[in-house]
Amino acid sequence: MGNKTVIPFGPQHPVLPEPLHLDLVIEDEKVLEAIPQIGFVHRGLEKLVSKKDYMQFVLVAERICGICAFGHSLGYSETIEALMKIEVPKRAEYLRVIWHELSRIHSHMLWLGLLADAFGYENLFMQCWRLREVVLDIFEETTGGRVILTACNVGGVEQDIENSELKGIVERLDKMIVEYKQLLKVFLKDRSVKSRLVGVGYISKEDAFKAACVGPFGRASGLEEDIRMFGFGAYGDLADFKLITSNDGDGYARSEVRALEIIQSVDIIKELVDKIPDGPYNQKIKGTPEAGSYAVSRLEQPRGECYYFAKGNGTKFLERFRIRTPTSQNVAGMVQTLQGCDLADVPLNVLTIDPCISCTER
Amino acid sequence: MINEKPQVFIDISADELMTKVEDYDARGWRFVNICGSAIQGGVELIYSFSNGLPMENLRFTVENGSTIPSVSGRFPNAFFFENETYDLFGVRFSGISIDFDGKFYKVSIPTPMNPDSVQARKAAYDSAPVALDVAIDATEVPIVASVATSSDVVDNSAPSAVIPAQAKIHTHDNDSSAPSSVIPAQAGIHTHDNDSSAKGDN
Amino acid sequence: MTIISFVVAFVAFAVLAPLIGGVIAGADRIVTARLQGRVGPPILQPFYDVKKLLAKDDSVTHSFQGFYVFLSMVFTVLAGAFFFAGGNFLLVIFILMLATLFFIIAAYSTRSPFAEIGAEREIIQVMAYEPMVILMAVTFYMATIPMLGEGTFNVGAVFALDRPLIVALPFVFIGLLFILTIKLRKSPFDLSYSHHAHTELVKGISTEMTGRTLAIVEIIHWYETVLFLGWVGLFLVWGSWIGVVVAIVGMILVYLLEVFIDNNFARVKWQFMLASSWIVTLVCVAINMVLIQVIF
């Protein structure tokens, strides 16, 4: 019986990490419905394949998004390699996975900080980002860039990391993990944090499957899918890979899944550094994709499963390249969690899918 | 080691699409992507489905200006890709669960990735089965939640003004599960008057 | 309390309180930054901020908003003046309520949905802390009966005591510390207007306040800080100058405690804030009233 207000949420809002517009119809601080709108960051990057040849386009693919930057260049390279049937040297595969797991660590830490900020716990936000600096320093020392790495290219990687340097990286990560585990205790056990996360934005396993949720968002509801478990590239040389899932399906479960994935990533990096073979790390690529060739590839980005498609037409420009990002799948799940939630939970629900709208809109 | 990711491409014809989609849904596969690519005189569409490791891609072509049925009744996350394909390539889908009517991406030139299709798109829009000529008076009318009982026709009886509308929302009754779509039924808003004036700028 | 003493207190409070309050706010930011592993701004930063805000253009959506906020400041100064001149405590509470009311009306006068919801939350906050404040006045009266021989609401009466009030009202003091977190707008209870604009309501109740109006909002916050710390000092002071020293030390410790609590809690929802403050109020005041009757 109250009167309904419409709150326009976004695209510019201090708590939103990405420009997304939601029209929230609320009544007495409860959201009745939410309609998402995107389209604020659409840059038409997929059309650039007609202007940049397939070797140059990896730089464009990297700049689609700041957080998933290395992931997109890796996915693009893997797709072109599948298109042109190129074999990648073993050492390059290992280095790629090491950088990709570092990318996952920094992305999840960024997300944990944003989540803490969204429910008003700025102290936790600052500490998380302070630990993230360790990873960004590693990026800068190994590739020269903190966020946009330009490390991956078709056929291999741009530069090498020496084995001694790799051992130094592992030591720094170990030190960081010790501090991180103390932070994790606060995150997962503090009562005020729990009161904001437990039970918020619940999606059951059936609904998550119907809405095709991917990534930690889906795994927190019990879906067991992670591209890394199929063993492509260097992931196939891991001793084992355990999926981190939870059955609770609420905001707390999603935070827990992502927080534990950081620890798993550090373990993966340690194992790969022990096993890394010597050898070349890139190669010269000749030729162009043949006409009428198609290739698809999938990659487990920090946000979920990312799908790439490439089509060649015989010239050095690709005919079509398509990236389908995990956030575009999770948007349906997000809208479902927003029905009937409190207004105070809206930023939390938007954040728990870890939206990356700049990837989604390209 | 060559990346041994499965690359399965199945060529079908446009009519077989719905039967194949229902088959994947019945077997519990997940819907992954719709990818469009402009070819001479039309658009080549690739629908991808996956079930864990195996992934299969259906490939077919449609001509410029044609309309194909939406799969968002069975796979709710398809609405994103269908809206995007309409904006970028001009392929019209009938019965999308949330239809942004061409305003999803706010592109500055119509169908930028398929320049041949501008005229064909206009013709398709004017003759598409979802076109309605009922104008809703957008003044202070509160939202009334109602369940649409017809299966594919948009419910236009309960107007709603508060949302600055770009989207109209359908429910699909061809699903057996209780929440028939991810978005619960709401009244649809139609902005055809605004849209036709905008389209006149082409 | 005579007219002269009131005028002196009014001028002293109006001039000195912002200076003290600004320094307290600057110290607050430095301590918070050190707790978070950062360095923090210089201690006079709040003054630089207000100076910058005063120099900005005013782009208001509704011109009465600035007037309401200005009135809110005037009434806050009046309340502080009455308090520090030793006047009637109930009068102080009611004038302060009027100041808050004007602030809420200022937010409602714009038509921004964020400001409206922030104002609604502010009303809920007032409902949460007001019972405690009024019952504080009531127990003050009840405590002065045995300690002074006659009950009074006059704040100046504490200087005639031979023991601090906290001896008779320990539980009320604890209740006051609880709602002080709400009044000083610190986590976990910074629902309507947080100093960090990361709430879901952009900046809550002061979303539409910019420029000079926002500068006045900052100054109101300084006045309020000094006033509420004065309430804390009320419990700790007695007839001799040692009492004043104890009160000042106590005020500093309490403020540090508030900063510490701010940095260690996430924000809670309004249902929890309302329920917890009422429960704390009920329990503390009931126990204390029994204590007064039994012991004194």
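Here is a short chat about the structure shown above.

Visitor: Hi! What sort of model is this, and how are things numbered?
Guide: It is a predicted model, where local features need pLDDT of at least 70, side-chain atom pairs count only at pLDDT 80 or more, and totals for chains, interfaces and linings use all residues. Residues are numbered from 1 along each chain as its sequence is written, while chains are lettered from A and ligands numbered from 1 in the order in which they are written.

Visitor: Thanks! How many helices and strands are there in chain C?
Guide: Chain C has 9 helices and 0 strands. Helices (H or I, at least four residues) and strands (E, at least two) are DSSP runs, numbered from the N terminus.

Visitor: And how much of chain C is buried?
Guide: Of its 296 residues, 46% count as buried, meaning that 20 or more other C-beta atoms, placed from the backbone, lie within 10 Å of a residue's own.

Visitor: What are the spans of chain C along its principal axes?
Guide: The C-alpha trace of chain C spans about 55 × 45 × 40 Å.

Visitor: At what angle do α4(C) and α5(C) cross?
Guide: Helix α4 (residues 89-109) and helix α5 (residues 113-148) of chain C cross at roughly 175 degrees, and their axes come within 10 Å. Axes are lines fitted to C-alpha atoms, for helices over the stretch in contact, and angles run from 0 to 180 degrees between N-to-C directions. So α4(C) is roughly antiparallel to α5(C), a label for angles over 145 degrees.

Visitor: Which residues of α4(C) meet α5(C)?
Guide: Among them are C:Phe89, C:Ile93 and C:Ile104.

Visitor: Switching topic: how many residues of chain A are in contact with chain C?
Guide: 24 residues of chain A are in contact with 24 residues of chain C, where contact means C-beta atoms, placed from the backbone, within 7 Å.

Visitor: Which element of chain A gives the most to that side?
Guide: That is α4(A), with 5 residues.

Visitor: Last one: what is the order of the strands in the open sheet of chain A?
Guide: The order is β6-β7-β8, with antiparallel pairing; two strands pair if DSSP finds at least two bridges between them. β6 (293-301) and β8 (320-324) of chain A stand at the edges, each with a single partner strand, so one side of each lacks a neighbour in the sheet.

How values were computed:
Two residues are in contact if their C-beta atoms, placed from the backbone, lie within 7 Å. Angles under 35 degrees count as roughly parallel, over 145 as roughly antiparallel, 65 to 115 as roughly perpendicular and the rest as oblique. A residue is buried if 20 or more other C-beta atoms lie within 10 Å of its own, exposed if 12 or fewer, and partly exposed in between; C-beta atoms are placed from the backbone.
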